[in-house]
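I opened the model and kept notes as I went.

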Amino acid sequence: VTPASAVRPTFPDLRGKAVLVTGGGRGLGRIAADHFARQSMRVALAGRDAARLSLACSELAAQGTECLA
């Protein structure tokens, strides 16, 4: 039996998949958007502050991520 601490979870390959992140302009939503971008996912951002969403999307696009705000 392998101890639980030694078991590494496996995740599906999400490259090219799309994700909608609410609150993607700042805070945890922005952190989530960055994480998904590093997984080569396409990212759509939603939130209340259009200027923050636009800035976040521009930064993600500059890193090569397909982004929509």
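**Disulfide.** I searched for disulfides, taking a pair of cysteine sulfur atoms within 2.5 Å as the rule. The count comes to 1 disulfide. Cys-57 and Cys-67 form it, with their sulfur atoms 2.3 Å apart. I read the torsion about the S-S bond of Cys-57 and Cys-67 as about -135°, so the disulfide is left-handed. Cys-57 sits in helix 2 and Cys-67 in strand 3, so the pair ties together parts that are 10 residues apart in sequence. Cys-57 is buried, at a relative accessible area of 10%.

**Ground rules.** I noted that this is a predicted model, in which local features need pLDDT of at least 70, side-chain atom pairs count only at pLDDT 80 or more, and totals for chains, interfaces and linings use all residues. Residues are numbered from 1 along each chain as its sequence is written, and side-chain values use heavy atoms, with hydrogens and water left out. Helices (H or I, at least four residues) and strands (E, at least two) are DSSP runs, numbered from the N terminus. I call a residue buried under 20% relative accessible area, exposed over 50% and partly exposed in between (1.4 Å probe, protein chains only). Contact means heavy atoms within 4.5 Å.

**Helix 2.** I checked the length of helix 2 (residues 50–62) first. Its 13 residues should span 18 Å at 1.5 Å a residue, and its end C-alpha atoms are 18 Å apart, which agrees. The expected span is 1.5 Å times one less than the number of residues.

Which residues of helix 2 are buried? I found Leu-53, Ala-56, Cys-57 and Leu-60. They cover an arc of only 100° around the axis, which puts them on the same side of helix 2. The arc is taken from the directions from the helix axis to the C-beta atoms. An α-helix has 3.6 residues a turn, so residues three or four places apart point the same way. On the other side of helix 2, I found Ala-51, Leu-55 and Ala-62 exposed. The buried residues of helix 2 pack against helix 1 (27–38), strand 2 (42–46) and strand 3 (67–68).

Then I looked at the ends. At the start of helix 2, a side-chain oxygen of Asp-49 comes within 3.1 Å of the backbone nitrogen of Ala-51. Gly-64 follows helix 2 and has a positive phi, near 95°.

**Helix 1.** I repeated the check here. Helix 1 has 12 residues and reaches 17 Å from first C-alpha to last, close to the 16 Å expected at 1.5 Å a residue. Its buried residues are Gly-29, Arg-30, Ala-33 and Ala-37. They cover an arc of only 100° around the axis, which puts them on the same side of helix 1. Leu-28, Ile-31 and Arg-38 are exposed on the other side of helix 1. The cover over the buried residues of helix 1 includes strand 1, strand 2 and helix 2. Just after helix 1, Ser-40 takes a positive phi of about 60°.

I stopped at Arg-30, in helix 1. Arg-30 is buried, with a relative accessible area of 16%. Leaving aside neighbours within four places in sequence, Arg-30 contacts Gly-23, Gly-24, Gly-25, Ala-56 and Glu-59.

**Single residues.** Not counting residues up to four places away in sequence, Leu-53 touches Gly-24, Gly-25, Leu-45, Ala-46, Gly-47 and Ala-69.

I turned to Ala-46, in strand 2. At 26% relative accessibility, Ala-46 counts as partly exposed. Ala-46 and Gly-25 are 21 residues apart in sequence and 7.7 Å apart in space, C-alpha to C-alpha.

Is Thr-65 buried or exposed? At 9% relative accessibility, Thr-65 counts as buried. Beyond neighbours within four places in sequence, Thr-65 is in contact with Ala-37, Met-41, Val-43 and Leu-60.

Conventions
A polar contact is a pair of N or O atoms within 3.5 Å; within protein, one must be able to donate a hydrogen and the other to accept it, and residues adjacent in sequence count only if both atoms are side-chain atoms.
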